[in-house]
Amino acid sequence: MGEAKVFCEDCGALTPNMGANLCADCYLRYRDDYVTVRNYVKQKQAPTVLEASTTTGVSVRRIQKMVRERMISIKEA
Ligand SMILES: [Zn+2]
């Protein structure tokens with residue numbers, strides 16, 4: 001196993017994968033966004049991705065990424 005590098009999905013830098021194909025800086029922001037969205041999903045009964053995005057300010061694309069990574073469970077519509 002070598003050191004696998006990826007292009008960060010947020011800033012495009014070639015970087016060791018810190019998780020979710022992100023560099024260290026972007027991964028920290030991603031985790032912050034994740035906490036924001038997760039807290040929102042916990043409060044609200046089954047919100048949609050769009051509702052969560054509108055309310056939290058986290059982009060739809062990023063929330064869909066969280067769903068893909070199985071970090072949160074939320075309706076796709
Ligand atoms: Zn980055």
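Predicted model: local features only at pLDDT ≥ 70, side-chain atom pairs only at ≥ 80, totals over all residues.
Where does Ala46 sit in this structure?

1. **Ala46.** You'll find Ala46 in the loop between α1 and α2. Its phi is near 45°, which is a positive value in a residue other than glycine. Ala46 counts as exposed because it has 9 C-beta neighbours inside 10 Å, and the cut-off for exposed is 12 or fewer.

2. **Arg70.** Here is another one to look at on the backbone: phi of Arg70 is near 60°, again positive in a residue other than glycine. Arg70 belongs to the segment after α3. With 7 C-beta neighbours inside 10 Å, Arg70 is therefore classed as exposed.

3. **α1 against α2.** Now for the helices. The α1 and α2 axes cross at roughly 120° and come within 10 Å, and the crossing is right-handed. On the α1 side the contact uses Thr36, Val37, Tyr40 and Val41, while α2 brings Ala52, Thr55 and Thr56. Sorted by class, the residues of this α1 and α2 contact are four nonpolar, three polar and no charged.

4. **α2 against α3.** Helix α2 covers residues 49–56 and helix α3 covers residues 60–68; they pack at an angle of about 125°, and their axes are 9 Å apart. That makes α2 and α3 oblique to each other, so don't read them as an antiparallel pair, a label kept for angles over 145 degrees. The crossing of α2 and α3 is right-handed. Val49, Leu50, Ala52 and Ser53 of α2 meet Val60, Ile63 and Gln64 of α3. Five nonpolar and two polar residues make up this contact of α2 with α3, with no charged ones.

5. **The core.** The largest nonpolar core has 15 residues, and the ones touching the most other members are Leu22, Cys26, Tyr30, Val37, Ala52, Ile63 and Ile74. Each of α1, α2 and α3 supplies at least two residues of this core, with α1 (residues 24–43) giving the most, at five residues.

6. **Ile74.** Which residues does Ile74 contact, leaving aside its neighbours within four places in sequence? They are Val41, Pro47, Val49, Ala52, Ile63 and Val67.

How values were computed. Residues numbered from 1 in each chain as written. Axes fitted to C-alpha atoms, helices over the stretch in contact; angles between N-to-C directions. Helix = DSSP H or I, 4+ residues; strand = E, 2+ residues; numbered from the N terminus. Parallel < 35°, antiparallel > 145°, perpendicular 65-115°, else oblique. Left-handed = near helix turned anticlockwise from the far one by under 90°. Contact = placed C-beta atoms within 7 Å. Nonpolar A, V, L, I, M, F, W, Y, C, P; charged D, E, K, R; others polar. Core = buried A, V, L, I, M, F, W, Y, C linked by C-beta atoms within 7 Å. Buried ≥ 20, exposed ≤ 12 C-beta atoms within 10 Å, placed from the backbone.
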